[in-house]
Structure formats: structure tokens, C-alpha cells
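Colleague: I am new to this one. Please take me through the labels and tell me what stands behind each.

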Amino acid sequence: MRAAVILGLGCSAKNLMPFQTAVIIDWRVGLPSSADQADVILLFGGDGTIHRHLGQLVKLGLPVLVVPAGSGNDFARALGLRRVHDSLLAWRRFCAKQDNVRAIDLGVITPLEVAGGAPAPHESCRYFGSVAGVGLDAEVARRANGLPRWLRGHGGYALSLVPTLFRFAPLPVKILVSDEAGGWTTRSDQPTILAAFANTSTYGGGMKIAPRARVDDGQLDVCVIGGIDPFKLACLFPTVYFGRHLGIRGVEYFQTARLRVETEAPLDVYADGEYVCRTPVEVTAQSNGLRVIVPAVGADFGT
């Protein structure tokens, strides 16, 4: 068997050693240029590392084993890979039987031309594994990315969130969803603090922004927080860690496979904690976008 290895920031060959079992494997470091150069890919890193390689991983179509080794590991968590030990068990099963590979969804962000709303060329599209968003979410991600790596992995998102809560003003955001006739229907049009488009239930190192999200249902879970006052907003966010924010007035939650985001002025769009582009954008769920190695046969991706 031929295995390609992606070593994210802070990872080295030492991280790979537990996975170098007695099975005869031809190891290579770095992404292969074509699918006939490897049989499986091991990716050591967090959400940002995964995000940066998703485009090529989709093209290759090879099974991918994620080893959580980043400051944020929400994508791995959604696959049942909470610790390196979980990934090691999944790897051993794969080496023995290769029966624990599942196809999961990915999100796709397509920038839109300002005039006419036409999709940009395909090469401008970006995949994401966990959550994309605009508004407060994007601003917090930008601030968190400026923190030292060790601090990002120990509550960096929350540390960046607190000072931003009382400075961020609601922004006009329109969200449209596709209808049965092939057109677009306005689903939300209001001053908005945050709009998140989720493939996984958590982001920001465990914040359960979309508690009903699954990575295999062909849908994006959308959470919109309207223009509520800063004090109420500060009280709301601790509930997000437990997914209890959905019943709070000012929070809207729905599912869709395809949506568009329009704003009066261009806003930054972040996904998996990384900057992607600016609005307007189209966001879709791509079913069976990536093949992943999971801990067990028939693993449940439910919340």
C-alpha cells in the first residue's frame, strides 16, 4: 500500500511514527499530483490545514485519514476522531480490512460577480469542511488568527470573541435560498450580527453553532443571529457551546442545500477559520465530496 502524508504546522515525522505499523507501506511526504501515485492520504493538522488542501483532496478522490493535531479540530471531531488515538485505531482498521471508508459532504463557496450575480469561474470556488460565515464570526476568526498558535488551541476563539462582542454593529445581510422553480427566495433580510453556514455541528474549537448538522445529509445548517443588543449577545454566546441558543429570540435556524449571501457593502467570508473571499457569494452543499476513514464501520455522524 502507498500512503501520502501531509504534515501541518508544528507536525513532523515524529507524529507519523505510531502509524508506521508492521504492514508494508510505501510512505511519501506531500500531496501526490495524481490519484495513481497513492492509495490513501494521512493528514496531520487542524481545520485550517484541512481547508487549505481540500481542493486537491477532492480532485484526487483518495481515502483521507485526518489526525487531529491543530489549534482547532472541529472537522476531525465530526468524524469521531477526537484524539490521535482515535485516528490510530481507524488507521489500524483500514490497514487490516479497508472497510471503514465513508463519503461525506463538503461546503462549496462560489464568489458572485457583482453585476448580474453570475457565478465566478470554477477555479474561484473554495471547499470547506466545517463552517463558513460572515459578520461577527469572520471578525473573530480574523482576530484569532493573529494569536500565537498555542493560544489559539487553548480558547483563542473565545478570547477573541469577548472584546469583539461589544464593538461589532449589526450589518444588513440578505440570505436567499433556491426554490423549486430554480429561482431564489429571500429567507432572511435583516440587520445581522452573524450568519453561519455549517457542514459540521461545531466550530471555533467546540462551539456548537449548528447542533443539528450532519456531514452526510446533503444539507447546510444555517444559523442567523439578528441585531440584538450587546448585553444579550454576551449572554447568548455561552449557550452556543452547548447548542442551546436556537430557542433564543433573534436566532434563526434552517437547512438548505444552496443559498446566496448579499450585503450592501462587501463583507469578508471566512470558512474553517480561514479567509476565503468577500460577498456576494453562493454557498452549496456537495454530497459525497470527500472519502474519509472513520473509526468504525457504520459510524454515525449524528449529533
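Modeller: Start with accessibility: buried means under 20% relative accessible area, exposed over 50%, and partly exposed in between (1.4 Å probe, protein chains only). Glutamate 252 has 21% relative accessibility, so it counts as partly exposed.

Colleague: What kind of model is this, and how are residues numbered?

Modeller: This is a predicted model, where local features need pLDDT of at least 70, side-chain atom pairs count only at pLDDT 80 or more, and totals for chains, interfaces and linings use all residues. Residues are numbered from 1 along each chain as its sequence is written, and side-chain values use heavy atoms, with hydrogens and water left out.

Colleague: What makes arginine 187 and glutamate 252 a salt bridge?

Modeller: The rule asks for a side-chain nitrogen of Lys or Arg within 4 Å of a carboxyl oxygen of Asp or Glu. The closest N and O atoms of arginine 187 and glutamate 252 are 2.3 Å apart, so the pair meets that rule. Arginine 187 lies in strand β9 (residues 184-198) and glutamate 252 in strand β11 (residues 251-256), 65 residues apart. Strands here are DSSP runs of E, at least two residues; helices are runs of H or I, at least four; both are numbered from the N terminus.

Colleague: Why is arginine 187 called partly exposed?

Modeller: Its relative accessibility is 36%, so arginine 187 falls in the partly exposed range.

Colleague: Why is aspartate 86 called buried?

Modeller: Aspartate 86 has 13% relative accessibility, so it counts as buried. Its salt-bridge partner is arginine 83, with the closest N and O atoms 3.4 Å apart. Arginine 83, at 49%, counts as partly exposed.

Colleague: How many salt bridges does the rule give?

Modeller: The count comes to 11.

Colleague: What makes β8 and β12 a pair of strands?

Modeller: Two strands pair if DSSP finds at least two bridges between them. Five bridges join β8 (residues 171-178) to β12 (residues 258-263), so they pair, and they run antiparallel. Valine 173 has threonine 263 in β12 as its bridge partner.

Colleague: What joins β12 to β15?

Modeller: Four bridges join β12 to β15 (residues 281-293), again antiparallel. Valine 261 has valine 281 in β15 as its bridge partner.
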